[in-house]
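Subject: Structure handover

Hello,

Here is the structure you are taking over. My notes on what turned up follow below it.

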Amino acid sequence: MSKITAAITAVGGYVPDFVLTNKVLETMVETNDEWITTRTGIKERRILKEEGKGTSFLAIKAAENLIQKTGLDPKEIDLVIVCTATPDMKAAATAAYTATQIGAINAFSYDLEAACSSFLFGMSTAAAYIESGRYKKILLIGADKNSSFINYKDRATCIIFGDGAGAVLFEPNNEGLGLQDELLRSNGEGREFLQATYGGSSYPITEDTFKEGKHYVFQDGKTVFKNAVFNMADVAEKILKRNNLTNDDISWLAAHQANKRIIDATANRINLEEEKVMMNIQRYGNTTSATLPLLLFDYESKLKKGDKIVFAAFGGGFTWGSIYFKWAYNS
Ligand code: UT7
């Protein structure tokens, strides 16, 4: 009997309508389009403006897009995982609300959080359930409303992040397609360099910390940059090597969209031509958990059955990793 593998069989996505351009950011903080473009590759990002709407709004829209495209009956979904660093609220899982709203009434659901590596790690979780034979249809969503914890007076962070969501369906495959191998890592010594300190259980928000804006995200960009370049390239190179793959074998690199320079460095390390590097950072910025599924959403029409994709991500924590994947369908 052939081994069951875990394939992605459908993709959906959503970004909010409001576009925050570099030109508008120039009027908000001391920055300029040229600096942002050359240092990050970002031209614009999407922001969810409507009051009272959080990450679940984005997640629901992305899931509904997938359901609409494929005609999937949400009652058949076994599990909904929402990968996010910005849940709607504490204690109540964003995934539970999302699942109910999309009609996945027979599913259980939970959130998964590993900062910018959330979706990558979620792919591992979803695949393990499928490979074990325990569940047949898993909706894996990456969604973040980063604008909810960004200080729009801090030029070190507000130029980078955006809001968005992507969703994929994981199902069993008997042709050997889907997840092939993974190399996932973390190092908690890195957490001081990228975090939203106050608002978690270690540091509850007080009147003073609120006034000082310590609930906003903080990043020591240079340190995170160095670690991201080194580690993302390292795991991508290692996963290729141990699967006896060369650059010619790889169809696509789908790397977390945090900075074009980090993505280019990873592509260079594995000698991958520019045409094979998925890129949409110029339009969305860093959408944290949503970058990888939004890449699949944007590139879906170009993907062919059997395409070999290297996924890679790096994020707060620190967390990082790479997944080697075979695409399962032509659209
Ligand atoms: O997704 C999770 C993982 N996150 C990442 O991977 C992000 C990693 N970090 C980065 O992408 C980059 O470090 C940044 C884009 C955040 C910053 O780029 P950088 O090339 O590392 O710049 P820098 O922080 O070293 O700053 C260089 C200069 C400084 O001025 P001086 O000291 O050279 O005079 C900054 O004050 O650029 C200045 N600067 C800016 N200038 C215009 C910093 N931010 C800005 C800005 N506009 N927004």
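A word on the annotations first: UniProt positions are given in the numbering used here, feature names are shortened, and annotations may be inferred rather than shown by experiment. With that in mind, the UniProt annotation "domain: Beta-ketoacyl-[acyl-carrier-protein] synthase III C-terminal" (unreviewed entry) covers residues 240-327.

This is a predicted model, in which local features need pLDDT of at least 70 and side-chain atom pairs count only at pLDDT 80 or more, while totals for chains, interfaces and linings use all residues. Residues are numbered from 1 along each chain as its sequence is written, and side-chain values use heavy atoms, with hydrogens and water left out.

Annotated spans

Residues 240-327 are 30% helix and 23% strand, with end C-alpha atoms 16 Å apart. Helices (H or I, at least four residues) and strands (E, at least two) are DSSP runs, numbered from the N terminus. UniProt also lists residues 110-188, as "domain: Beta-ketoacyl-[acyl-carrier-protein] synthase III N-terminal" (unreviewed entry). That span is 24% helix and 39% strand. Its end C-alpha atoms lie 23 Å apart.

Two domains

The domain assignment gives domain 1 (5-177) and domain 2 (179-326). Such bounds come from an automatic or database domain assignment. The C-alpha centres of the two domains are 14 Å apart. Domain 1 puts 58 residues into the contact and domain 2 puts in 48; contact means heavy atoms within 4.5 Å.

Together the domains bury about 3900 Å², with 63% of it on carbon and sulfur atoms. Buried area is the accessible area (1.4 Å probe) that two parts lose on being put together, summed over both. On the domain 1 side, C116, L120 and L177 supply 17% of the area buried against domain 2, more than any other three residues.

The interface holds 2 salt bridges. The rule asks for a side-chain nitrogen of Lys or Arg within 4 Å of a carboxyl oxygen of Asp or Glu. K305 and E175 form a salt bridge through their side chains (3.1 Å, N to O).

Several elements give two or more residues to the side of domain 1 that touches domain 2, including β1 (5-14), α3 (55-70) and β7 (163-173). The most come from α5, with 8 residues.

Most residues other than glycine have a negative phi, and most peptide bonds are trans. N271 is not a glycine, yet has a positive phi of about 55°. N271 sits in the loop between α9 (260-269) and α10 (281-284). G317 and F318 are joined by a cis peptide bond, with omega about -10°. F318 is in the loop between β12 (308-315) and β13 (319-326).

Best wishes
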